[in-house]
Amino acid sequence: MSTRNPGRFRDPLPGRDFAARQRGPRAVALDVLIAVDRDDAYANLLLPHRLRDAGLRGLDAALATELTYGTLRLGGYYDEIIRIVAGREIDQIDPVALAALRLGAHQLLGTRVPKHAAVNETVNAARDRGSRGVAGFINANLRAISARTAEEWRTAVAERHERADDRLAALTSHPAWIVRAFRDALADEGREDELEALLDADNVSPLVHLAALPGLADREDVLDAHPTRLVPEPASPIAMRLDGGDPQELREVRAGTVRVQDAGSQLVALALSRVAPIREGERLLDLCAGPGGKSALLAAESLVARAHFEANEVTPSRAKLVRDALRPITPEGHEFEVTEFDGRTVVDSPEKFDRILVDAPCTGLGALRRRPEARWRKQASDLANLTHLQEELLAAALEATAPGGLVAYVTCSPHPAETTAVVKHVLRSHDAEVLDARAICHELAPELDLAERPLAEGTTVQLWPHRHGTDAMFLTLLRKRD
Ligand SMILES: C[S@@+](CC[C@H](N)C(=O)[O-])C[C@H]1O[C@@H](n2cnc3c(N)ncnc32)[C@H](O)[C@@H]1O
């Protein structure tokens, strides 16, 4: 599935005007799908505006959200089916008709929406969008899709692909290069048999996790205060799971002492702060901090230990988000410094810090379930530049760490090129001990099934959506030798 469809399309009723005139969830979903495809819009940023403009709330808003995200996630699979029924390539189909066909296919094959509503309402939404000329085409093709069961379509799509990876890619709606990268990462753990479960997990919305910031909120107290809304989340000692609803309804979230944060992100940050007790006066740095989720956690840990925390983020707009994240937890008379350097220049501050988090810019392949269109926008060719930057950031961090100090190398990607290969490369030129990150994470989250992943004298940790319910965060903990 491409999310770019340049060319012939002219929107007859562009942007907000259109959205404001439409009330139905399908019309809103269709509008967002077209904008994602045509303008490279981000669904998670655009959808809330479109929902508000259209006055959709409650169940209608939930339906529009599910239709948008579900269609985007499974779009690659639906395109396989559309190719069959339409008898032509995807780029030969009018963009509004294509978005409507994807939306209709999702309702027919991925939801319990009755067939007649899926077909008729989707055709109407496209017609209202000004695409009367293609209404017949959409109607005929959606009827053709509805003529077979979901299982029959799976068989039909599978039969079109001879190679196993291509078949799995088509059926689970992932680009084949991502399927191969995931297979390699699971093979490092001897668990290739989990590949399908992992790919399926990417097609399900993540549950909302919260973090009770240490020293500012106590998890047990927060759980007691909201017994019907929260349950403990085992992937981090400060994590809770919200069972639906808006996190902003919780006063602790509004106060900033409890944060929305994936439990895997919590765990990798805590592994750095808790691998050994933080001493008073220690200097901690979050080198690639935007938007500031892990900074808030490390800042809270530093306050408890009376240590010094600072953050760095190269993109000014994201550095502002870091400041916003730190503001609610900054004590009177205290200041957290947030700098805006290229993290690689930290090499100019040799041995300045005792602990550095390198949460490196990466492909984000470990968080595909959060950004439904992301998988279609990444390219394998993005990797070379990123891995080079990752190596330079990690090397600079080690230079800036005092002897005996600690560095956590973290990515929200499990791609071996961005994880173990980066660490191995940097260790060739830097004298650091690989710690047993698995043992530390096990102490923090004893219920997690963490695979053996030896690297040098230590172990790395790879979290997985299908196994741990977290994003696929990778962690290596390094101690610079004295
Ligand atoms: C994975 S994100 C960090 C997420 C963050 N730690 C959190 O938990 O909210 C990586 C960040 O690195 C920033 N970045 C990219 N290149 C950088 C560089 N050369 N130096 C510093 N930061 C950089 C990106 O702008 C991005 O905000």
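**Exercise 1. Which residues of helix 19 are buried, and what covers them?**

Solution. Start with the list. In helix 19, the buried residues are Leu-383, Thr-387, Gln-390, Glu-391, Leu-393, Leu-394, Ala-396, Ala-397 and Leu-398. A residue is buried if 20 or more other C-beta atoms lie within 10 Å of its own, exposed if 12 or fewer, and partly exposed in between; the C-beta atoms are placed from the backbone. Helices (H or I, at least four residues) and strands (E, at least two) are DSSP runs, numbered from the N terminus.

Before going on, note the source. This is a predicted model: local features need pLDDT of at least 70, side-chain atom pairs count only at pLDDT 80 or more, and totals for chains, interfaces and linings use all residues. Residues are numbered from 1 along each chain as its sequence is written.

Next, the cover. It includes strand 8 (353-359), strand 9 (401-411), helix 20 (420-427), strand 10 (432-434) and strand 14 (474-480). Here two residues are in contact if their C-beta atoms, placed from the backbone, lie within 7 Å.

Last, the span. Helix 19 covers residues 383-399, 17 residues in total. From first C-alpha to last, helix 19 reaches 24 Å, close to the 24 Å expected at 1.5 Å a residue. The expected span is 1.5 Å times one less than the number of residues.

**Exercise 2. At what angle do the axes of helix 15 and helix 21 cross, and which residues meet?**

Solution. Two packed helices are described by the angle between their axes and the distance between the axes. Take helix 15 (residues 263-274) and helix 21 (residues 437-444): their axes come within 10 Å and cross at roughly 105°. Helix 15 is therefore roughly perpendicular to helix 21. The axes are lines fitted to C-alpha atoms, for helices over the stretch in contact, and angles run from 0 to 180 degrees between N-to-C directions. Angles under 35 degrees count as roughly parallel, over 145 as roughly antiparallel, 65 to 115 as roughly perpendicular and the rest as oblique.

Now the residues. Helix 15 brings Leu-267, Leu-270, Ala-271 and Arg-274. Helix 21 meets them with Ala-437, Ile-440, Cys-441 and Leu-444. By class, this contact of helix 15 with helix 21 has seven nonpolar, no polar and one charged residues. Ala, Val, Leu, Ile, Met, Phe, Trp, Tyr, Cys and Pro count as nonpolar, Asp, Glu, Lys and Arg as charged, and the others, Gly among them, as polar.

**Exercise 3. Where does the cis peptide bond from Gly-290 to Pro-291 fall?**

Solution. The bond from Gly-290 to Pro-291 has omega near 5°. Pro-291 lies in the loop between strand 5 (283-286) and helix 16 (293-305).

**Exercise 4. How many helices and strands does the protein chain have, and what is its radius of gyration?**

Solution. The protein chain has 22 helices and 14 strands. Its radius of gyration is 24 Å, close to the 23 Å that the globule rule gives for 482 residues, so the chain is as compact as a globular protein of that length. The radius is taken over C-alpha atoms; the rule is 2.2 Å times the number of residues to the power 0.38. Buried residues make up 50% of the 482 residues.
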